[in-house]
Amino acid sequence: MTQSTTEAIAALARSARIASRQLRSLSTAAKNEALEAIAAALTQRSGEILAANEKDVERGRASGMSAGLLDRLTLTEERIDSIAQACRDLTALPDPVGQRTGYQLPNGLKVAQVRVPLGVIGMIYEARPNVTVDAATLALKSGNAVLLRGGSAAKDSNEVLCAVMREAIAGVGLPADSITSIDAYGREGAQALMEARGLIDVLIPRGGRELIDTVCTTAQVPVIETGTGNCHVYLHADADPADAQRIVLNAKTHRVGVCNAAETLLLHAGFEPARDILQALSKAGVTLHVDERAAEIARGLPGVTAATEEDWATEYLSLDLAVRVVDSLEEALSHISAYGSGHTEAIVTASLDARAAFTEGVDAAAVMVNASTRFTDGGQLGLGAEIGISTQKLHARGPMGLSALTTTTWLIEGEGHVRD
């Protein structure tokens, strides 16, 4: 990494810090005005955005990018409209900044814990232009400035998106440096961002396991780990057959290139509708990676292959699904404990006892009962757009909305108080 790159990133971070000081004291109305301006600009300049995105998609296709990643990379008029609407939806959400809880001590001191912005947030992500807008707008609403490293795969899309947003917020009087891309500095820029101790308050990686591991092991600044999604659906012995089939198909095939898609199906031994569910998956184009007992159930179906040890730990992000037969709920929990990523785990069951045992026994950021794993999403859970799904246990866990991008300050008010 060259000294010039380090200095350039440091300069951008300092500019972001200055912008963050102005954002810190902005009224909710001013922040909402900026979000409305971004939404309008995205819609008005959709043609420009789509033209840039087409270059990224063509480059990705030529390089052999997987179908799942291409889907994440691709923007359409409908997706841009959805991104713009997510900006507008943020305006309706409560502003966490300034929220407080408090009490008064016997000595008369008034004590309050007040929510305040984190300051300057760094984002490193890949092939997801929607994250460029999600991260910028969530940071803005929560009073933070953001530095974005979106990766080479989406470089043309991200360049235009950042320009559109910077111009939009500048047009309503906010500092353009509230939103900054460092894509022009490539991998050296990402490395400099990870080493910008004292300039970046928190760094959030979002992408595949290799990216996340690199950031977590390299960064010299605080990191919120957003994990990969090796998500499981466990069909208990008494699961409703229609619910089970609908949930499994949705969890696996609704959108394959996302972290909340199911990657492993655990079938309770003797679950009679298992054959019908595997047949429906096969008909939907899913390749089934099966253990020996699941192979018997799937005998004669197209797209079936023997599972390896690697399959149990794989986040496919494609029309692939690992399938294993288990003899008990406890065995399902043991499998999830050994191979799960702590993202989202689901059980389909009619048993209250099984529901309780699963929800108490599984360790994950989100647990679904009789519902698809696809609901682990900030928008679906009423948080608005999310900046990522945290699989760690400190500060934030699960979908990270506005509140997760704040910290707290203790405010103590006295009347000449001194300590004895």
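Modeller: Helices here are DSSP runs of H or I with at least four residues, strands are DSSP runs of E with at least two, and both are numbered from the N terminus. Ile 38 lies in one such run, helix H2 (residues 28-44). The model is predicted, so local features need pLDDT of at least 70, side-chain atom pairs count only at pLDDT 80 or more, and totals for chains, interfaces and linings use all residues. Residues are numbered from 1 along each chain as its sequence is written, and side-chain values use heavy atoms, without hydrogens and water.

Colleague: Why is Ile 38 called buried?

Modeller: Buried means under 20% relative accessible area, exposed over 50%, and partly exposed in between (1.4 Å probe, protein chains only). Ile 38 has 0% relative accessibility and therefore counts as buried.

Colleague: Which residues is Ile 38 in contact with, leaving aside its neighbours within four places in sequence?

Modeller: Contact means heavy atoms within 4.5 Å. Among the residues in contact with Ile 38 are Cys 87, Leu 140 and Ile 179.

Colleague: What makes strand E7 (residues 231-235) and strand E8 (residues 262-268) a pair?

Modeller: Two strands pair if DSSP finds at least two bridges between them. E7 and E8 have five, in the parallel sense; in E8, Thr 264 is the bridge partner of His 232.
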